[in-house]
Amino acid sequence: MKVGIDRRVNRDDPGLVQRMAFLSRSRGVARLGMIRFMLDRPVPSSSSDAAGSPHRRRPRYPGKNPRRFEDKYKEHDPARHAATIAKVLASGKTPAGTHRPIMVAEILAALAPGPGENAADCTLGYGGHAREILPRLQPGGRLLGLDADPIELPKTEARMRALGFGPEVFEAHRSNFAGLPQVLASVGMSGVDLILADLGVSSMQLDDPARGFSVKHTGPLDMRMNPRRGLPASAVLERTSVDDLARLLVDHADEPHAVSLAPLLAGRSFRTTTELAQAVRAGLPRLAEDVADLTVRRVFQALRIAVNDELSALDRFLCALPVCLKPGGRVAVLTFHSGEDRRVKKAFAAGRLDGLYAAISDEVIRPTPGEQSANPRSAPAKLRWARRAG
Ligand SMILES: C[S@@+](CC[C@H](N)C(=O)[O-])C[C@H]1O[C@@H](n2cnc3c(N)ncnc32)[C@H](O)[C@@H]1O
């Protein structure tokens, strides 16, 4: 019988977190929290281990290190490969298949979760914020986690259960956040004490080429948060007129080249993310490479927002917020582009004038420079909060 060395992470090893902290110290402490989160999973006993996970060969990939998202088997299994995770985080990147929660301290300060309170995390994602909020609601509090994504939601639910959050404190709901009132009604709640929305896409969605959000890797031009509903980006682009596309590029991404790009893209059939990116670059041949890259990103962002009807979902959510919050309840919304932030700012200001909110954030709150350099994806984030009148 072959006896293998168990390379699994032993979380009881007192030196483990220190060793990983050493690896990541050069780039700040945010990473340490992430490592703790990713490792904070129950480790099966060695007997169930031996029975439960037969030895599997690692996937084959060309070259020395895996490059493709699906081949990064160590990053997909952070509990087993702590040193790899620490290295990826120390380089300022997000390990494949995970997401690093943004502005956690600022969100906790705005929401001030307390024992016995109920919360709705309307964009559950990887569960990064939810797993920080939940312990602060105990004893006696509950958190409902909503997400539109039927692919990632079950994985996050399993991760939350493995962390010890049972159905009495945590429930996952596959729902658009515009349907928050219906979700609350379905569980017999008239309102909650705190609501969080962290808009946009998760790193798991963004980095997985199969989801078609990625500018960097070839994949089907899809971009749907719920691939079981609606039309993929390829079909949306094929059906959009030149004028509508030009408007969409300006409204959703402030694209300065909208008018020249729209006739080159609208009504055309692009099967993959790479085909679309190449068409954008070919349409603006005089742009420097880095400027063209930004344009490609903006085109992808505008299209993604259209495919998922993100701004109308946000409008409906902002409109429903006051009835979903209990008196004195708090809401925090994290946005990633000006079209979203403008809407949140306006809705909170109008709610304050109408007496629905007792207080709102005076200024937008931004991630610290330390967080921005440790996690470049946090750089565009803007946080606003409001407190329901009592
Ligand atoms: C930035 S991620 C959230 C990450 C999460 N806060 C964490 O720390 O792990 C945004 C998530 O919101 C979801 N989402 C985006 N728009 C949504 C909508 N209208 N309704 C429900 N979920 C939505 C996406 O599927 C994605 O999982």
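Let's begin with Met223, which sits in the loop between H9 and H10. This is a predicted model, so please hear every value today as computed. Met223 has a phi near 70°, a positive value in a residue other than glycine. Is Met223 buried or exposed? Met223 counts as buried, because its relative accessibility is 1% and the cut-off for buried is under 20%.

You'll find Ala112 in the loop between helix H5 (104-111) and strand S1 (118-121). Ala112 has 44% relative accessibility, so this residue counts as partly exposed.

While we're on backbone geometry, have a look at Pro139. The peptide bond running from Gln138 to Pro139 is cis, with omega near 0°. Pro139 belongs to the loop between helix H6 (130-136) and S2.

Asp149 and Arg211 bring their side chains together in one, at 2.9 Å from N to O. This pair ties together distant parts of the chain: Asp149 is in the loop between strand S2 (142-147) and H7, Arg211 is in the loop between helix H9 (203-207) and helix H10 (233-239), and the two are 62 residues apart.

How many salt bridges does the structure hold? There are 17.

What about burial here? Glu255 is buried, because its relative accessible area is 3%. Arg298 has a relative accessible area of 22%, so Arg298 is partly exposed.

Glu310 and Arg304 form a salt bridge as well, at 2.8 Å from N to O, and both of these residues are buried. And if you look at Arg131, Glu132 and Arg136, you'll see them linked in a network of salt bridges.

Then there is a charged residue without such a partner. Arg388, in strand S7 (residues 382-388), is buried yet has no salt bridge. Which side chain of opposite charge is nearest to Arg388? That is Asp354, 9.9 Å away. What Arg388 does have is a polar side-chain atom 2.8 Å from the backbone oxygen of Pro322.

Let's finish at the ligand. How many residues surround the ligand? The count is 24, and the closest are His129, Asp147, Phe177, Asp198 and Gln205. By type, the shell around the ligand divides into ten nonpolar, eleven polar and three charged residues.

For those of you who like to look at individual contacts, here are a few to find on the screen. Gly127 places a backbone N or O atom 3.1 Å from an oxygen atom of the ligand. Gly128 likewise has a backbone N or O atom 3.1 Å from a ligand oxygen. With Asn176 the side chain takes part: one of its N or O atoms is 3.1 Å from a nitrogen atom of the ligand. Taken alone, the ligand exposes 610 Å², and the protein buries 97% of that.

Leu153 has its place in helix H7 (residues 152-162), and at 8% relative accessibility Leu153 counts as buried.

That's my tour, and I'm happy to go back to any of these spots on the screen.

Terms used. Residues are numbered from 1 along each chain as its sequence is written. This is a predicted model: local features need pLDDT of at least 70, side-chain atom pairs count only at pLDDT 80 or more; totals for chains, interfaces and linings use all residues. Side-chain values use heavy atoms; hydrogens and water are left out. A residue is near a molecule or strand if one of its heavy atoms lies within 4 Å of it. A polar contact is a pair of N or O atoms within 3.5 Å; within protein, one must be able to donate a hydrogen and the other to accept it, and residues adjacent in sequence count only if both atoms are side-chain atoms. Accessible areas come from the Shrake-Rupley method with a 1.4 Å probe; for residues, only the protein chains shown count as cover. Ala, Val, Leu, Ile, Met, Phe, Trp, Tyr, Cys and Pro count as nonpolar, Asp, Glu, Lys and Arg as charged, and the others, Gly among them, as polar. Helices (H or I, at least four residues) and strands (E, at least two) are DSSP runs, numbered from the N terminus. Buried means under 20% relative accessible area, exposed over 50%, partly exposed in between (1.4 Å probe, protein chains only). Lys and Arg count as positive and Asp and Glu as negative; His and the chain ends are not counted. A salt bridge is a side-chain nitrogen of Lys or Arg within 4 Å of a carboxyl oxygen of Asp or Glu.
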